[in-house]
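Dear colleague, please find below the notes requested on this structure. They are written as numbered points for reading beside the model.

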Amino acid sequence: MAAERHVIVAGAGIAGLTASLAMARAGLRVTVLEQASRLEETGAGIQLSPNATRILISLGMSERLAPSVIVPHAIRVMSGGSGREIVRMALGADAERRYGAPYWMIHRGDLQAALAATADAEQDVDVKLGVRVEDFAAQVKGVTVHGRRGSQALDERGIVLIGADGIWSTIAGRLQSQRSPRFAHRTAWRALIPADAAPKEFRSPLVHLWLGLNAHLVHYPVKAGRLINIVGIVHDEWKETGWSAAGDRNEILRHFARWSWTDKARDLIAIPDRWLKWALYDCPHPFRGGTGPVTLIGDAAHPMLPFLAQGAGLAIEDAAVLADMLNKHMNDPPGALRAYEAARWHRTDRAQQASRRQGHIYGRSGPEALIRNFGMRMLGGEKLLSRYDWLYTWQPPELFRKPRA
């Protein structure tokens with residue numbers, strides 16, 4: 001494939017696939033190199049707020065995603081100490097009217113599968129599986145990417161290389177301008193259970209957020225309501241190999257042992273036989289910027305703690321802004337990348353900092369927790385939701401403000 005108007009993306013996760021579709025929308029040809037030999041359904045549930053869903057809708061994803069998404073009626077914040085509701089923030093139709101786009105819950109695997117199917121149907125996107133990116137070399141007019149599929153060496157030539165290869169990005173490591181992620185001394189425990197195994201009140205289309213001593217718990221339905229996604233975030237250390245591992249149910253129950261829960265919440269966390277746990281990592285600041293024809297998006301650029309539920313959302317935003325800058329500055333691809341980096345840095349930095357603060361608020365105990373809960377009740381759901389307006393009202397570039405015809 002000729003290098004002219006050809007972009008190479010490393011990674012076929014949410015960031016990489018969304019970027020490939022966005023760049024095809026901008027008239028570019030895209031090759032996605034993914035080291036996995038097949039795209040398997042991994043991970044658990046994710047929340048997609050209006051800043052992200054309006055981009056997916058503009059890319060023509062609504063119909064393909066419709067069977068998988070759930071529109072939550074509200075976020076119900078609960079006390080892990082008393083088991084009572086603290087406050088409720090209305091979503092559903094109210095949020096769509098407020099922000100001009102819906103709030104969705106979806107299994108990560110369903111979103112990735114829908115993106116992959118859309119990319120497969122896009123003639124200007126070529127996803128190559130089983131290709132591990134090993135290195136790259138900047139050229140006078142572009143970049144050559146060196147990869148390997150088994151014993152076969154592969155080279156791809158393009159105008160730019162986009163590192164969408166996650167928190168442990170090979171591309172970021174080669175750039176040497178991105179700080180290494182640091183362990184946040186927390187772990188995320190995730191499980192999925194059949195909806196009919198959960199208490200009836202937890203099957204409804206609500207995000208339940210429980211705040212308690214040194215931990216918090218989130219659960220909501222996914223898979224069109226057939227499964228309940230459960231995530232527990234706890235203060236923890238990490239002694240496992242890698243950054244994910246199988247989790248023992250007795251261990252997570254010990255983490256929550258000091259909570260004075262209602263029986264229904266305690267029973268919920270005791271249901272799953274199989275847990276997976278992830279070490280949570282953070283980075284002091286987002287990727288400041290590279291040189292030449294290479295940049296980063298998504299977790300490779302700005303690892304996010306999960307307390308704002310914005311990891312996927314900011315990656316989707318990245319994709320739209322990047323495609324728009326390449327469209328506007330096609331005569332100067334490296335300049336387009338610098339413009340993209342400058343456009344994204346302050347917002348992603350603000351989101352990283354806000355997520356850290358949210359984590360501190362969630363983890364309060366004793367009198368501080370009582371003050372937090374009282375303050376949330378006094379503010380009420382509408383005012384609490386308004387604190388996220390800066391996130392949810394974000395508008396993409398003009399190229400992505402209308403659904404694809």
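This is a predicted model: local features need pLDDT of at least 70, side-chain atom pairs count only at pLDDT 80 or more; totals for chains, interfaces and linings use all residues.

1. The parallel sheet. Five strands form an open sheet in the order E7-E2-E1-E11-E18, and their pairing is parallel. Strand E7 (125–129) and E18 stand at the edges with a single partner strand each, so one side of each has no neighbour in the sheet. Direction ignored, neighbouring strands of this sheet are turned by 20 degrees against each other on average. In general, the strands of a sheet are held in pairs through backbone hydrogen bonds, either parallel or antiparallel.

2. A pairing within this sheet. Strand E11 (residues 160–163) pairs with E18 in the parallel sense, over 3 bridges. Within this region, Ile 162 stands opposite Thr 295 in E18.

3. The antiparallel sheet. Another open sheet has 3 strands in the order E8-E9-E10, with antiparallel pairing. Its edge strands are strand E8 (132–139) and strand E10 (152–158), each of which pairs on one side only. Here, neighbouring strands are turned by 20 degrees against each other on average, direction ignored. Strand E9 (residues 142–149) and E10 run antiparallel and are joined by 7 bridges. Val 143 stands opposite Gly 158 in E10.

4. Is Gln 112 buried or exposed? Its relative accessible area is 12%, and the limit for a buried residue is under 20%, so Gln 112 is buried. The residue lies in helix H5 (residues 108–121). Its side chain reaches the backbone oxygen of Ala 12 at 2.8 Å. Leaving aside residues up to four places away in sequence, Gln 112 touches Ala 12, Gly 13, Leu 17, Leu 39 and Glu 40.

5. Aromatic pairs. How many aromatic pairs are there? The count comes to 7 aromatic pairs. One of them joins Phe 202 and Trp 210, with 6.3 Å centre to centre and 90 degrees between the planes; this pair is edge-to-face. Phe 202 counts as buried at 1% relative accessibility, and Trp 210 is buried with a relative accessible area of 1%.

6. Why is the pair of Phe 307 and Tyr 362 edge-to-face? The ring centres are 6.1 Å apart and the planes stand at 85 degrees; planes over 60 degrees apart count as edge-to-face, so this pair belongs to that class. Phe 307 lies in the loop between strand E18 (294–296) and helix H9 (311–328), while Tyr 362 lies in helix H10 (residues 333–362), so the pair ties together parts 55 residues apart in sequence. Phe 307 counts as buried at 5% relative accessibility, and Tyr 362 is buried with a relative accessible area of 11%.

7. A cluster of tyrosines. Tyr 99, Tyr 103, Tyr 388 and Tyr 392 are linked into a cluster by ring pairs.

8. Charges over rings. The charged end of Arg 174 sits over the ring of Phe 136, at 4.8 Å from its centre. Arg 288 lies over the face of Trp 345, 3.8 Å from the ring centre.

How values were computed:
Residues are numbered from 1 along each chain as its sequence is written. Side-chain values use heavy atoms; hydrogens and water are left out. Rings of Phe, Tyr and Trp (its six-membered ring) pair if their centres lie within 6.5 Å; planes under 30 degrees apart count as stacked, over 60 as edge-to-face and the rest as tilted. Buried means under 20% relative accessible area, exposed over 50%, partly exposed in between (1.4 Å probe, protein chains only). Helices (H or I, at least four residues) and strands (E, at least two) are DSSP runs, numbered from the N terminus. A charge sits over a ring if NZ of Lys or CZ of Arg is within 6 Å of the ring centre and within 35 degrees of the ring normal. Two strands pair if DSSP finds at least two bridges between them. Axes are lines fitted to C-alpha atoms, for helices over the stretch in contact, and angles run from 0 to 180 degrees between N-to-C directions. A polar contact is a pair of N or O atoms within 3.5 Å; within protein, one must be able to donate a hydrogen and the other to accept it, and residues adjacent in sequence count only if both atoms are side-chain atoms. Contact means heavy atoms within 4.5 Å.
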